[in-house]
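Please view the sequence and the model together while reading the points below.

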Amino acid sequence: MRNFDYLEPTTVAEACALLKQHAGEAKVFAGGSHLTILMKQGLYEPKSLVNIKKIPELKGIQYDAKEGLTIGALVTHRELETSALVKEKFPVLCEAEREVANIRVRNMGTVGGNLASGEPLTDLSQIFISLDGKAKIIGPDGQRIIPVEELFLDFYTTSLAEDEILTQVEIPPLPARSGIEYIRFSSSSVVDKPSAGVAVCLMLETSSEAVQAARIVLGCVGATPVRARRAEGFITGKKLTLELAKEAGGIASQECSPTSDLRGSEQYKRAIVGTLVKRAAEKAYERARTLPSLGEG
Amino acid sequence: MKKTVALKVNGVERSADVEARTTLLDMIREQFNLTGAKLGCDIQVCGACTLLVDGKPVSACSVLAVDVDGCEILTVEGLSKKHRLDPLQEAFMEFGALQCGYCTSGFILTAKALLDECPQPSEQQIRDYLAGNFCRCGCYQEIMQAIKNVAGIGSEE
């Protein structure tokens with residue numbers, strides 16, 4: 001690993017100023033689980049690392065009945081996995097985190113770093129997008145809040161400017177008559193990165209069991225997580241049956257662009273996506289029907 | 001440009017002058033001569049380099065030494081108390097939970113963190129927690145037996 005200057009700001013403003021000052025030559029450093037590997041392999045050779053772990057405002061998880069869940073960028077995977085608050089409000093996140101990498105990576109890696117790395121083989125991004133999550137970003141000229149979906153531009157490429165920091169993820173309260181499910185599939189070891197990960201969030205109409213709104217997000221099968229908008233449109237306005245869920249899976253499997261690699265061929269991954277969408281949609285639908293008040297209050 | 005890192009290693013206050021790029025594993029092995037933790041995959045997958053930082057398992061190969069300034073580190077060398085091995089170390093010997101021994105330090109420290117966090121884990125909890133530690137000699141059965149024994153779980157299936 002090439003040596004670098006190690007900078008430790010204690011406020012977001014200070015961190016942004018440092019990033020601006022060292023523009024093009026600095027990287028934001030949080031848990032480090034992603035960066036250290038790339039630096040050891042010589043893929044990144046920053047002249048400075050801006051460690052943001054000493055910035056208190058980037059820590060912590062909060063819930064507000066109106067605003068929903070706020071996850072600080074420095075919250076580790078393990079903190080999210082074991083948070084009683086998250087377990088109560090969005091258990092899907094705890095369940096997903098149980099399967100992220102291994103206990104050591106979950107202890108170090110952060111939610112903010114996971115998103116800001118632009119790593120396509122990950123889990124959180126598709127869940128956040130399905131929950132209509134927003135990313136709060138602060139730069140030298142102020143803050144902006146964007147849908148998590150708009151963070152991802154390409155493989156390892158995000159819409160964050162060089163002097164901006166992702167400070168938190170905000171997830172609105174789950175509306176009544178909503179249900180979500182996330183399923184990931186690994187083709188080798190359980191601790192491997194997923195071949196595919198699918199999040200489905202469904203909201204039902206108030207007076208019937210038809211789907212009013214659907215968000216189906218496909219992860220690990222393209223440069224960025226993608227919404228399966230045709231599949232979403234296909235089930236909207238309908239009562240979900242096994243046949244419809246299966247058909248939606250078939251549609252979604254054509255809405256992604258998986259590459260053939262050691263985690264499966266393109267064809268294999270498309271088939272997996274189809275199956276996962278079917279299963280996740282059925283589960284999300286079941287939850288929406290049986291847990292009408294989940295997320296309220 | 002070196003930085004001074006002050007930390008507690010196996011209960012003793014220590015300090016070291018390190019470069020920013022020095023990993024926790026390199027500092028522990030080369031400056032403190034504690035060589036129980038090994039470099040394996042170097043990408044946080046295998047678990048051979050596991051150390052406990054403030055009680056939590058981490059991959060020391062991928063943690064910067066400057067990042068653990070002020071932390072408490074536990075290595076396998078710090079487990080025994082007054083020349084008495086830790087119950088996990090005893091159990092690993094009793095059940096023959098190792099062959100070459102390269103992964104052993106990582107397994108024992110990870111199991112230690114689990115038992116400190118949850119003294120009576122279920123078999124599934126043990127499996128989940130240790131899923132990220134690899135043993136290429138294939139001693140998984142014996143490792144499970146040893147940890148279950150310390151956790152007080154019967155080994156009847």
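In β3(A), A:Leu49 is the bridge partner of A:Lys27. The model is predicted: local features need pLDDT of at least 70, side-chain atom pairs count only at pLDDT 80 or more, and totals for chains, interfaces and linings use all residues. Residues are numbered from 1 along each chain as its sequence is written, while chains are lettered from A and ligands numbered from 1 in the order in which they are written.

Parallel pair
- Strand β2 (residues 26-29) and strand β3 (residues 48-51) of chain A run parallel and are joined by four bridges; strands are DSSP runs of E with at least two residues, and helices are runs of H or I with at least four, numbered from the N terminus.
- Two strands pair if DSSP finds at least two bridges between them.
- β2(A), helix α2 (residues 35-40) of chain A and β3(A) make a β-α-β unit that is right-handed (with the strands pointing away from the viewer, the path from the first strand over the helix to the second runs clockwise).

Antiparallel sheet
- Four strands of chain A form an open sheet, ordered β11-β12-β13-β14, with antiparallel pairing.
- β11 (178-185) and β14 (226-227) of chain A each have a single partner strand, so one side of each is left without a neighbour in the sheet.
- Eight bridges join β11(A) to the antiparallel strand β12 (residues 196-204) of chain A, and A:Gly179 stands opposite A:Leu202 in β12(A).
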